[in-house]
Amino acid sequence: MPVILPVKEKRIDSDYYVEGYATTFNEPYVLWEYEGRKYKEVIDRNALAGADMSDVLFQYNHMGKVFARTKMKQGKKPTLILEAQEKGLFIACDLSLTEEARKLWEEINSGLIYQMSWGFTVEEDSYNRDTRTRTIKKIKKVYDVSAVDLPANPSTDISSRSWIDGVIETERQEFAARQRQIIKILTEVR
């Protein structure tokens, strides 16, 4: 899975690092099926613009046990980072603070848990009766992001990584971008 990490100064250095996408943008997913009819939901790419993400919790199955949060900092680095990216709502998290958090990391690392969900309130939405699709246009507040057993959106993911894997991937992407720029300049000169 190609990973786009948050800006360098926000990276989390932890032996219990996880990252993933709590939701995806512009990808409808089946939220409910009733009498053979599928009701879908889609999160608009700009739905998080202006959303309150000042204190977001990282949980398991939205069940009240807090493993990390955006407001909490371990040293000078945050324990949970959220970033709206092209694909969706990216999360990076340090699960080293408690024994229970480290156990959750082990379950993610082993592949038992590999998807995510999120809790939020909607400020603006629309509904298309023909396609039975609700479009979330604007989020008012994000409350939590959770590693989950069964997500509403099957396109979400979470995985454990070492911090250095992220550094290597970022440097690889930067090198590839420089190479593309050099090729572009050389073709323009000819």
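The chain has an accessible surface of about 11,100 Å², and carbon and sulfur atoms hold 51% of that. Keep in mind that this is a predicted model. Of its 190 residues, 39% are buried.

Now for the layout. The chain has twelve strands and two helices. Reading from the N terminus, the order is β-β-β-β-β-β-β-β-β-α-β-β-β-α. Among contacts with a separation of 6 or more, 68% join residues 24 or more positions apart.

Next, the inside. In soluble globular proteins, nonpolar side chains tend to be buried together. Here, the largest nonpolar core has 31 residues, and the ones touching the most other members are Phe58, Leu80, Ile91, Leu95, Trp118 and Val145. Two or more core residues come from each of strands E1 (17-24), E8 (80-84), E9 (88-94), E10 (115-128) and E11 (133-148), and from helix H1 (99-110). E11 is the biggest giver, with five residues.

Click on Trp118 and look at what surrounds it. Setting aside neighbours within four places in sequence, Trp118 is in contact with Ala22, Thr23, Ile43, Leu48, His62, Leu89, Ile139, Val142, Asp144 and Val145. There is also a second, separate core of six residues, including Tyr17, Tyr21, Ile81 and Phe90.

Back out on the surface, there is a nonpolar patch to find: Leu31, Trp32 and Tyr34, with about 360 Å² of accessible area together. Tyr34 sits in strand E2 (residues 29-34). Why does Tyr34 count as partly exposed? Because its relative accessibility is 45%, and partly exposed covers the range between buried, under 20%, and exposed, over 50%.

Conventions
Residues numbered from 1 in each chain as written. Predicted model: local features only at pLDDT ≥ 70, side-chain atom pairs only at ≥ 80, totals over all residues. Heavy atoms only, no water. Patch = residues over 30% accessible without salt bridge, like charges linked within 9 Å, V, L, I, M, F, W, Y side chains within 5 Å. Areas by Shrake-Rupley, 256 points an atom, 1.4 Å probe, with all protein chains shown as cover. Salt bridge = Lys/Arg side-chain N within 4 Å of Asp/Glu carboxyl O. Helix = DSSP H or I, 4+ residues; strand = E, 2+ residues; numbered from the N terminus. Buried < 20%, exposed > 50% of the residue type's maximum accessible area, 1.4 Å probe, protein only. Contact = heavy atoms within 4.5 Å. Core = buried A, V, L, I, M, F, W, Y, C linked by side-chain atoms within 4.5 Å.
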